Amino acid sequence: MGALTGRVAFVTGAGSGIGRASAIALAAEGAIVFVTDIDAPGGRETVAMIEKAGGQATFRGQDVTEEARWAELVQRVMDLYGRLDVLVNNAGIGTSGAITDVTLDQWNHQMAVNVTSCFLGIKHALPAMRTPRPDGRIGGSIINISSVAGLGGSAGMAAYCASKGAVRLMTKAVAMECAAARDGIRCNSVHPGIIDTPIWQKLDTSGALQAAVDPGANALDVKLIGAGAPVGHPGQPEDIAAGVVFLASDASRYMTGAELVIDGGWTAH
Ligand code: NAD
């Protein structure tokens, strides 16, 4: 029996990178995983990978910025499984550029995908997690994927840092609210360092971020940036997934409002 056998986990942005690795790792511990992503082929591929490994998962398309879709999908989880135990708010994008160059549209989109998504996910997941299971128990684990960029600033990343800092403190506020409600729901944030995922290819390579990282290179190279971590290399999505499984499981039952930093020492100096 796995650490999460019988539990149901909802993972956003699970069609790629950290979300995919987390969905696979949660399923490997016995969870039924509800995989969502705006990228349908990616999400379906994740489900196929889980099923091939003998796990259980289902995919639904979701833009995490849309409230009606959140309501619909949480209801779908309850109709299918009658419970929701774990929510991983993982979907995210990175907007780079000097703050003077970032447009209001870019800023609003960054906040919608990285911050509003967590608000909506938590808002709609809490009533489901507070629904009694067959044994009468209530509770759950909410895991918000923030970043080392939610702990400190980086040139060319003001919008992204603002979004991840907001996720960090939303996490703590929700943790306090749930603790006060004695509802057995924990809420923690994960702070990855430089992780080798496709997000780096999607970043705008012009402007302040590029200048801050490596003025000589003509593209953001995750291996090059990751080499700047004290351990000398970037992390893999599975390194973050291991933390997600820990926070989802009862092994972390006394943790709430905490920051789990997985960064190869990036923030240790
Ligand atoms: P990724 O690009 O591989 O995966 C992100 C996923 O989110 C993609 O599948 C994408 O389709 C999905 N997504 C984007 N916009 C969406 C929307 N509106 N609705 C639903 N899904 C949407 O990137 P990743 O590196 O795996 O990032 C996952 C999370 O980890 C993000 O929140 C990111 O900010 C965070 N993070 C990543 C790193 C890193 O170095 N890779 C570091 C710190 C934090």
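Before anything else, one definition: when I say that two residues touch, or are in contact, I mean that they have heavy atoms within 4.5 Å. With that in hand, please keep in mind throughout that what we are looking at is a predicted model.

Seven strands form an open sheet with parallel pairing, and their order is β3-β2-β1-β4-β5-β6-β7. Which strands stand at the edges? They are β3, residues 56-61, and β7, residues 259-262, and because each has a single partner strand, one side of each is left without a neighbour in the sheet. From one strand to the next, the twist averages 20°.

Now to two of the pairings. Strands β1 and β2 pair in the parallel sense over four bridges, and within that pairing Val8 stands opposite Ile32 in β2. Strand β4, residues 86-89, and strand β5, residues 140-145, also pair in the parallel sense, over four bridges, with Ser141 in β5 as the bridge partner of Val86. Against the sheet packs helix α4, residues 104-129, which touches β4, β5 and β6, and whose direction makes about 175° with that of β4.

The largest nonpolar core has 31 residues, of which Phe10, Trp70, Leu84, Leu87 and Ile142 touch the most other members. At least two residues of this core come from each of β1, β2, α3, α4, α5 and β6, and the largest share, 10 residues, is supplied by α4. Apart from this core lies another, of 27 residues, with Ala9, Ile18, Val86 and Ile240 among them. Taking Ile142 as an example, and leaving aside its neighbours within four places in sequence, its contacts include Leu87, Ile122, Leu126, Met129 and Ile185.

Ser141 belongs to strand β5. Is Ser141 buried or exposed? Its relative accessibility is 1%, and since buried means under 20%, Ser141 counts as buried. The side chain of Ser141 reaches the backbone oxygen of Leu247 at 2.8 Å, and Leu247 is also one of the residues that Ser141 touches, along with others including Asp85, Val86 and Arg186, not counting residues up to four places away in sequence.

Next, the ligand. There are 30 residues around the ligand, and Ser16, Asp37, Tyr160, Thr197 and Lys202 come nearest. An N or O atom in the side chain of Tyr160 is 2.6 Å from an oxygen atom of the ligand, and for the side chain of Lys164 the distance from such an atom to a ligand oxygen is 2.9 Å. On the nitrogen side, a polar side-chain atom of Asp63 lies 3.1 Å from a nitrogen atom of the ligand.

Gly92 is found in the loop between β4 and α4, and it is partly exposed, with a relative accessible area of 34%. Not counting residues up to four places away in sequence, Gly92 touches Val113, Asn114 and Ile199, whereas its C-alpha atom is separated by 32 Å from that of Arg137, which is 45 residues apart from Gly92 along the chain.

Gly150 has its place in the loop between β5 and α5, and, with a relative accessible area of 11%, it is buried.

The last one is Arg182, in the loop between α5 and β6.

Notes. Residues numbered from 1 in each chain as written. Predicted model: local features only at pLDDT ≥ 70, side-chain atom pairs only at ≥ 80, totals over all residues. Heavy atoms only, no water. Pairing = 2+ DSSP bridges. Axes fitted to C-alpha atoms, helices over the stretch in contact; angles between N-to-C directions. Core = buried A, V, L, I, M, F, W, Y, C linked by side-chain atoms within 4.5 Å. Buried < 20%, exposed > 50% of the residue type's maximum accessible area, 1.4 Å probe, protein only. Near = heavy atom within 4 Å. Polar contact = N/O pair within 3.5 Å; in protein donor to acceptor, adjacent residues only side chain to side chain.
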